[in-house]
Amino acid sequence: MPGQTFTHQSHTFASPESAWQALQKPDTWGRIGGVSRIESPVFDQEGQLAGYSFVVEVAGAPYRGKAARSASSPPHRMAMSITSEQLKGDITVEIHPVPNGSEVTVRMAMEPAGFFSLLLFPVVASAVAKGFPAAVERFAADLAS
């Protein structure tokens with residue numbers, strides 16, 4: 001089964017530099033896609049977010065995963081590779097200056113990670129598709145707070 005990619009663009013009143021600083025907080029990433037808990041953040045020597053563990057609730061059941069920074073171009077682009085027993089993929093955030101803030105583009109690519117997840121994947125992909133635009137809108141708004 002092929003994976004799915006979701007992209008949504010929004011505006012934030014945060015400058016690119018302020019939005020970048022918000023991306024260094026683990027909880028910021030949890031606002032993108034149904035994450036119920038962020039745990040065990042890891043930072044590099046410069047204090048930049050390098051990864052974290054997370055818990056996602058799917059159909060009332062908790063699923064654990066890990067995120068690791070896979071790309072970083074301050075203050076314009078940051079990507080996290082996501083792995084779990086059910087899914088793998090990445091989340092990329094791009095930030096571009098515009099009048100009165102920044103344009104924020106979030107791209108989430110995901111695919112099943114195993115046989116069991118092949119059965120679950122259509123349900124997860126459908127749920128993400130329904131909620132992704134609203135999640136990105138909230139995420140972008142939160143970058144300014």
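Me: Is Ala140 buried or exposed?

Reply: Ala140 counts as buried because its relative accessibility is 0%, where buried means under 20% relative accessible area, exposed means over 50%, and partly exposed is in between (1.4 Å probe, protein chains only). Before going on, keep in mind that this is a predicted model, in which local features need pLDDT of at least 70 and side-chain atom pairs count only at pLDDT 80 or more, while totals for chains, interfaces and linings use all residues. Residues are numbered from 1 along each chain as its sequence is written, and side-chain values use heavy atoms, with hydrogens and water left out.

Ala140 sits in helix 3; helices (H or I, at least four residues) and strands (E, at least two) are DSSP runs numbered from the N terminus. If you skip the neighbours within four places in sequence, Ala140 is in contact (heavy atoms within 4.5 Å) with Ser10, His11, Thr12 and Val104. Phe43 is another story: its C-alpha is 22 Å from that of Ala140, and the two are 97 residues apart in sequence.

Now zoom out to the helix around it. On pLDDT, the predictor's confidence in each residue from 0 to 100, helix 3 has the lowest mean among the elements of the chain (82), and helix 1 the highest (95). The chain as a whole averages 88, with 96% of its residues at 70 or more.

Leu23 makes a handy link here: beyond four places in sequence, its contacts include Trp29, Val93, Phe139 and Leu143. Leu23 is also one of the buried residues of helix 1, along with Pro16, Ala19, Trp20 and Ala22. These lie on the same side of helix 1, because they cover an arc of only 160° around the axis, going by the directions from the helix axis to the C-beta atoms.

Rings of Phe, Tyr and Trp (its six-membered ring) pair if their centres lie within 6.5 Å, and planes under 30 degrees apart are stacked, over 60 edge-to-face, and the rest tilted. That rule gives 2 aromatic pairs. Phe6 and Phe132 form a tilted one, since their ring centres are 6.0 Å apart and their planes at 45°. This pair bridges distant parts of the chain, with Phe6 in strand 1 (residues 4-12) and Phe132 in helix 3, 126 residues away. Phe6 and Phe132 are both buried. Tyr52 and Phe54 are edge-to-face, because their centres are 6.3 Å apart and their planes at 65°.

For contrast, take a salt bridge (a side-chain nitrogen of Lys or Arg within 4 Å of a carboxyl oxygen of Asp or Glu) such as Arg77 with Glu94, whose closest N and O atoms are 3.7 Å apart. Arg77 is in strand 5 and Glu94 in strand 6, so the pair ties together parts 17 residues apart in sequence.
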